[in-house]
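Hi everyone, thanks for coming along.

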Amino acid sequence: MSSTSLHQRPLHNPLTDPNPLSPPSSLTSPKPTSFLQSRTTLFLLLSLLVILGVFYPYIQFPQNGLLSYTSKTYSPFESKWRDYSLSKAAAFVAKNNTLIVCIVSEAYLPFLNNWLISIVRQKHHEKVLVIAEDYPTLFKVNERWPGHAVIIPPVLESQAAHKFGSQGFFNFTSRRPRHLLQILELGYNVMYNDVDMVWLADPFPYLEGKHDIYFMDDMAVVKPLNHSHGLPPPGKKGRPYICSCMIYARPTNGAKLIMKKWIEEMQIQPWTRAKKSNDQPAFNWALNKTVAQVDMYLLPQSSFPTGGLYFRNKTWVKETKGMHVLLHNNYIVGFEKKTKRFRDYGLWLVDEYSSESPLGRLD
């Protein structure tokens with residue numbers, strides 16, 4: 001916003017005699033009255049400063065230099081959803097004390113719709129809560145699917161860059177553990193998904209046992225079908241390679257500990273131009289440092305493959321046909337490239353099946 005100048009009249013000096021024709025001060029009021037007037041003037045000035053302090057945020061200085069007063073007003077629809085809290089949204093959406101959560105900005109709405117269609121087909125969409133990262137997303141989702149979107153302050157700029165590796169992308173993903181921790185603190189089970197995923201089957205039967213947290217591997221190296229479900233050993237960088245794209249957590253102390261540690265690791269490794277970090281390394285460091293304190297479960301690779309395996313290893317795909325549950329469209333960067341890949345594999349559902357989504361067609 002360009003700076004503007006404010007034209008003001010010269011301040012009147014309250015100590016200057018306003019009437020040059022008035023009698024000399026010695027013939028009018030005694031000295032105590034002048035003292036009283038000074039105190040009254042000081043009180044008025046202080047009152048004016050207080051009033052300006054209250055109303056300053058609503059005062060705008062237009063380019064024409066004239067002072068104007070504006071107060072932002074919202075429609076009843078906007079006000080309702082701006083005041084919609086996470087606790088209210090979770091209570092409204094949760095089924096069997098469980099939420100399916102995604103975090104979305106306006107740029108990702110087509111992927112949100114595609115992901116939703118795949119969940120509708122597994123009959124789990126009613127427990128989906130969209131955490132909007134900007135107001136256009138909040139309003140658009142709640143206009144078409146009331147109550148299924150919430151915004152958690154502070155709000156990011158809707159025009160923030162979300163290209164992988166950018167600071168905007170870091171700011172966007174770094175809020176994830178805080179959002180998940182808040183939901184866990186409210187006492188809900190929570191499944192988190194990136195919206196560049198597609199459900200091919202119901203994942204809930206695969207959440208065996210009562211572990212604190214469940215996740216999927218991000219390595220494209222083929223594992224045996226009966227691989228271990230414990231946290232994989234650290235790789236060359238000293239940490240494992242778990243994908244933060246799909247997480248299921250129960251409201252246990254162990255799951256909360258991981259979220260808190262994840263937040264700490266994000267603070268230790270902030271984004272810089274030299275080191276364009278994202279949230280996933282911090283998540284892996286958090287897992288690695290809490291493995292002795294938390295009950296973790298690695299989901300089967302045959303059912304929860306990374307994009308680097310599913311989209312690049314046709315032999316493996318044939319060998320595991322019928323086992324796939326969730327697919328992640330990663331190991332590729334850019335909206336256009338991800339969309340094309342989904343189309344090539346018949347997984348870009350919004351082209352023909354947008355009517356199945358609770359949001360309908362988004363143009």
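Before the packing, a word on terms: axes are lines fitted to C-alpha atoms, for helices over the stretch in contact, and angles run from 0 to 180 degrees between N-to-C directions. Helices (H or I, at least four residues) and strands (E, at least two) are DSSP runs, numbered from the N terminus. Please keep in mind that this is a predicted model, where local features need pLDDT of at least 70 and side-chain atom pairs count only at pLDDT 80 or more, while totals for chains, interfaces and linings use all residues. Residues are numbered from 1 along each chain as its sequence is written, and side-chain values use heavy atoms, with hydrogens and water left out.

Now the overview. The protein has 14 helices and eleven strands. Of its 363 residues, 46% are buried, meaning under 20% relative accessible area, with exposed being over 50% and partly exposed in between (1.4 Å probe, protein chains only).

Let's start with H8 (residues 176–185) and H9 (residues 253–268). Their axes lie 9 Å apart, at an angle of about 155°. H8 and H9 are therefore roughly antiparallel; that label is for angles over 145 degrees, whereas under 35 is roughly parallel, 65 to 115 roughly perpendicular and the rest oblique. The contact (heavy atoms within 4.5 Å) involves residues including Leu180, Leu181 and Leu184 in H8, and Met259, Trp262 and Ile263 in H9. By class, the residues of this contact are eight nonpolar, one polar and five charged. Here Ala, Val, Leu, Ile, Met, Phe, Trp, Tyr, Cys and Pro count as nonpolar, Asp, Glu, Lys and Arg as charged, and the others, Gly among them, as polar.

H9 has another partner to show you. Which helix has an axis that comes within 8 Å of the axis of H9? That is H10 (residues 279–290), crossing at roughly 130°, so H9 and H10 are oblique to each other. Among the residues making this contact are Leu257, Ile258 and Trp262 of H9, with Phe283, Trp285 and Leu287 of H10. The H9 contact with H10 has nine nonpolar, one polar and four charged residues.

Last stop, H4 (residues 86–93), where Leu86, Ala89, Ala90 and Val93 are buried. They span an arc of only 95° around the axis, which puts them on the same side of H4; the arc is that of the directions from the helix axis to the C-beta atoms. Exposed Lys88 and Ala91 sit on the face of H4 turned away from its buried side. Covering the buried residues of H4 are elements including S3 (98–104), S4 (128–132), S5 (149–151) and H8.
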